[in-house]
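Here are some friendly notes to read with the structure open beside you. Take the points one by one, and find each residue as you go.

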Amino acid sequence: MIIACALLVPVTVKAQLPTAQQIAGQMRVGWNLGNTLEAVCGEDAWGAGHTSQQLIDSVKAAGFNTVRIPVAWFCHSDTINSVIDKDWIARVKEVVDYCINDDMYVILNMHWDKGWLENRVNKANQDIVNKRQHAYWTQIANYFNDYNEHLLFAGTNEPNVHNATSMSVLMTYHQTFIDAVRATGGNNSSRTLIVQGPSTDIEETNKLMNTMPTDHVADRLMVEVHYYTPYQFCLMDNDANWGKVFYYWGKDNHSTTDTVRNASWGEENDVEKFFGYMKSKFVDKGIPVIIGEFGAYKRKLSPPSDQALNIASVEYYYNYVVNSALDKGLIPYCWDTPGGLFNRSTGEVINKGVVNAIMQATLGADTPYQSKK
């Protein structure tokens, strides 16, 4: 039945939007509207306030030309028929339009949202998850059908997968997503869609994601992974019995006095190795890859720890990751939350060091980043 429906769509319609490779070639570096529309269960639930055109204008002015919008849908639908609240999808459209107004590319996703999908990648929940996945994406795709190639859909977020069995279940979620969108016809017949690697982890994706879902139109799929390596530098809050928080990262940023806080893994060589995996596995085969999230955070330190060296390390991290990603044909999207890079009320850049480090990386390796320690 799915094949029969697909054959009813004229070939001219199916090929109307540019390919994933063509779109990837126009994207440069992206930004996440984090902790906002995916907050459980409302836009300001995690302190984001009301997203405005002014904020998105500032993101564009800073140099970003593509935005990833994480969205919760389960929170804003009934639990029986998975019907999305009309006011909610209308609000999502407003935010999408802020980006489209600025001629930006937009990725609209299915985020964590209480884990209804990503924490249930297993045989026991496969049927109910696929049913919801189909219902949500049919509604979303229909609602946004008239948008051109500047709007991309991403089927999941960080699906919790660590073995081949769960990977096979995840592939059914991806297939349901693709089939639901394509069945709505029109621009969705050839819209670029993004599928996520297992846990969006590069090593797991390199090991487990050895096939792509089936699509009825060629060259309209991208792959998504995330990058928070090393965890001890990027995300870890407190020391653990297995390791300490890293304050300093990069070959020229190691402390000679606070040595236990120097990164001991996950530095430049690992960035090259991991991003190289994605280049050879997907990009070199014509499948674009986005790093849908990456980031590291400045710490509030006191002596004998070195605050200035930590700031230099974080800025260098952003610069190096973006530079390496772009060099290998990957599209990086920094993760940002309220109070991070931008003032969500005024749009003012409040972390100029990181934004400058990102944008300098877009100029290429010929203009190496000079950190100010």
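1. Let us begin with a pair of charged residues. Asp215 and Arg182 form a salt bridge through their side chains, with 2.9 Å from N to O. This pair links distant parts of the chain, the two residues being 33 apart. Asp215 sits in the loop between helix 8 (202-208) and strand 6 (221-227), while Arg182 belongs to helix 7 (residues 164-183). Are these two residues buried or exposed? Both Asp215 and Arg182 are buried. Please keep in mind throughout that you are looking at a predicted model.

2. Now a second salt bridge. The side chains of Arg68 and Glu293 meet at 3.0 Å, N to O. Arg68 and Glu293 are both buried.

3. Asp270 and Lys273 pair through their side chains at 3.5 Å, N to O. How far apart are Asp270 and Lys273 in helix 10? They are three residues apart, which means that about one helical turn separates them. Asp270 has a relative accessibility of 18%, so it counts as buried. Lys273 has 36% relative accessibility, so it counts as partly exposed. How many salt bridges does a search of the whole structure find? The search finds 15.

4. Next, look at the backbone, starting with its peptide bonds. In general, most residues other than glycine have a negative phi, and most peptide bonds are trans. The peptide bond from Val40 to Cys41 is cis, with omega near -5 degrees. You will find Cys41 in the loop between strand 1 (30-32) and helix 4 (53-62). Thr229 and Pro230 are also joined by a cis peptide bond, and here omega is about 0 degrees. Pro230 is in the loop between strand 6 and helix 9.

5. Staying with the backbone, check the phi angles of two residues. Lys114 is not a glycine, yet its phi is positive, at about 70 degrees. Lys114 is placed in the loop between strand 3 (105-109) and helix 6 (126-143). With a relative accessible area of 44%, Lys114 is partly exposed. Asp219 is not a glycine either, and its phi is positive at about 60 degrees. The loop between helix 8 and strand 6 holds Asp219. Asp219 has a relative accessible area of 45% and is partly exposed.

6. The largest cavity holds about 30 Å³ of space. Which residues line the largest cavity? The lining is made by Met110, His111, Trp112, Trp116, Leu117, Glu118, Thr156 and Asn157. By class, four of the lining residues are nonpolar, three are polar and one is charged.

7. Tyr231, Leu235, Trp242 and Tyr297 make a nonpolar surface patch of about 400 Å². Where is Trp242 found? Trp242 lies in the loop between helix 9 (231-234) and helix 10 (268-281). Its relative accessible area is 54%, so Trp242 counts as exposed, the cut-off for that word being over 50%.

8. Ser82 and Pro18 are 64 residues apart in sequence, and their C-alpha atoms are 31 Å apart in space. Ser82 is in the loop between strand 2 and helix 5 (86-101). Is Ser82 buried or exposed? Ser82 counts as buried, because its relative accessibility is 4% and the cut-off for buried is under 20%.

Key
Residues numbered from 1 in each chain as written. Predicted model: local features only at pLDDT ≥ 70, side-chain atom pairs only at ≥ 80, totals over all residues. Heavy atoms only, no water. 1 Å grid on protein atoms, 1.4 Å probe; cavity = no way out; pocket = protein on both sides within 12 Å on 5 of 7 lines; lining within 4 Å. Points joined across faces, edges and corners; volume = space filled by probe spheres on them. Nonpolar A, V, L, I, M, F, W, Y, C, P; charged D, E, K, R; others polar. Patch = residues over 30% accessible without salt bridge, like charges linked within 9 Å, V, L, I, M, F, W, Y side chains within 5 Å. Areas by Shrake-Rupley, 256 points an atom, 1.4 Å probe, with all protein chains shown as cover. Salt bridge = Lys/Arg side-chain N within 4 Å of Asp/Glu carboxyl O. Helix = DSSP H or I, 4+ residues; strand = E, 2+ residues; numbered from the N terminus. Buried < 20%, exposed > 50% of the residue type's maximum accessible area, 1.4 Å probe, protein only.
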